[in-house]
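Here are my notes on the model. Please read them with the structure open.

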Amino acid sequence: MASEPQNPSLSSLSLSETSTEPAGGGGGEGSVSKKQAKKEAKKAEKAGKAAQRQQQTAGGTEVGEDDPLSANYGDVPVEEIQSKSISGRVWTGVGDLSAEMKDKTVLIRGFAQVIRPVSKKMVFLVIRQSMSTVQCVLVVSKDLVSLQMVKFATSLSKESIVEIEGIVSVPNEPIKGTTQQVEIQVRKVYCINRAMPNLPINIEDAARSETEFEQAEQRGEKLVRVGQDTRLNYRYLDLRTPSGQAIFRVQCQVENIFRQFLLASDFVGIHSPKLAPGSSEGGAAVFKIDYMGQPACLAQSPQLYKQMAICGGFGKVFEVGAVYRAEKSYTHRHLCEFVGLDVEMEIKEHYFEVCDLVDKLFVAMFDHLNKNCSKELETINRQYPFEPLKYLPETLKLTYDEGIQMLKEAGTDIDPMGDLNTESEKKLGRLVREKYNTDFYILYRYPLGVRPFYTMPCYDDLAYSNSFDVFIRGEEIISGAQRVHTPELLTQRAEACGIDVKTISSYIDSFRYGAPPHGGFGVGLERVVMLFCGLNNIRKTSLFPRDPQRITP
């Protein structure tokens, strides 16, 4: 039962409170004129009605005793969703709603993306669940939908979690602005959790494409542009955009294909420690920590441990795990923490065996994404237009010297024994695309001086190494090589690279008891997704990015 209103209605006031005569029955100074009495009575009546309205809509839960349909709408009390009971009801996914379900009663739950009242008797709701949206209609109808029910639906705030039961209908005209081409004629609507009325990010603003901004500018309109920092500050809201949902579904598939392909090729999945006694890559770009009174750092890669796993007799291993780099790189493609996809395997004769694995793995991955993620790729393309990735059935391989020569012929002055900078990588990518019609290629036989200490030198020229990098759209995504597997050469190479051998003594010792020739590679998950989808910033493909300036949320 509703509680008594704080401001009583006119009918609840006592006679003495409404009388035009003073309390004592005489004229005197306390007398009230008929005109003033009418005014006060009207005021009291308004206050009473206002209290009644407040009573009916406060928090959206109180609906009034005079509505026989009051059980069909309202805010669900917290205690009702504290795993109180199992009802046996069946929910339908918004993305599963189709014309074949016409006239069927369905139960859905999702975010209230749009609340659009047409009149006091009609309101449209657009409900979103992951990447799918559906239009729901409430129209006042005897014994089905009351005025109060429409009013309750109108009072919902955007992004509130809403549960709807209704009948599927198929409109005569196509529905603009929703993914599902059906409507739900609402019979019950409940709010599971209300969002604050003022959102820091409007999802519609965050989902706009550059084309929409350009078209609005031509019309003389100004749209709200959500900046990158704002997006990342409220990442949990930004992820609700269609492109945000699609990007991380594509990322999930990249990881899945990586695992499935390698497992089908007899690789073993491993998990290496992320607390390390020293640097695995050389240099000072590590996050130093105190480990029970001993100096340690967060692992820059699983490199040393996956090699030790090969020495342990596994033959072929892979890992998916966090990688930490304390580099102050303020670029579109660097992060301080990312997900590494790492592989290590025995080599029978030549490190091209590793290159061939890269070829087959990534061609299979790209084929899978194009075939099975078309919906997600189209969604990303609507907000962030990109050209489909060009790749060959058999991946192109060029020597580092061949790449340098192509750059020189195109007018680039470059050190043949130095590493490629970002500008040179991009230019070489354009040249390769023009000449070979591919965005994906392998560059091998790098100068030894630009590779890590554990890289095997070339047999015919010690200035070069048995190493390779792989590029997508002119940006490096993979670094790989044959590893040094003899402890003497490994010690020599570590010292030459300025690494304190004591900090990696257990790693070097692992090669003293019989170690097979081996090689491998590492790739950043976020970078693969960024470049496959032609995105301009790796922060779009990192769920909660960590860069030199960001450690929250």
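1. Which residues in α8 meet which residues in α16? Ile 247, Val 250, Gln 251, Val 254 and Glu 255 in α8 are in contact with Leu 525, Glu 526, Val 528 and Val 529 in α16 (contact means heavy atoms within 4.5 Å). By class, this contact has six nonpolar, one polar and two charged residues; Ala, Val, Leu, Ile, Met, Phe, Trp, Tyr, Cys and Pro count as nonpolar, Asp, Glu, Lys and Arg as charged, and the others, Gly among them, as polar.

2. The model is predicted: local features need pLDDT of at least 70, side-chain atom pairs count only at pLDDT 80 or more, and totals for chains, interfaces and linings use all residues. Residues are numbered from 1 along each chain as its sequence is written, and side-chain values use heavy atoms, with hydrogens and water left out.

3. Helix α8 covers residues 242–264 and helix α16 residues 525–532 (helices are DSSP runs of H or I, at least four residues; strands are runs of E, at least two). The two helices pack at an angle of about 120 degrees, with their axes 10 Å apart. They are therefore oblique to each other (under 35 degrees is roughly parallel, over 145 roughly antiparallel, 65 to 115 roughly perpendicular, the rest oblique).

4. Strand β2 (residues 105–119) runs antiparallel to strand β5 (residues 161–169), and seven bridges join them (strands pair if DSSP finds at least two bridges between them). Phe 111 stands opposite Ile 161 in β5.

5. Seven bridges also join β2 to the antiparallel strand β3 (residues 122–129). Here Ser 119 stands opposite Met 122. β2 and β3 form a hairpin, with two residues between them.

Definitions and conventions:
Axes fitted to C-alpha atoms, helices over the stretch in contact; angles between N-to-C directions.
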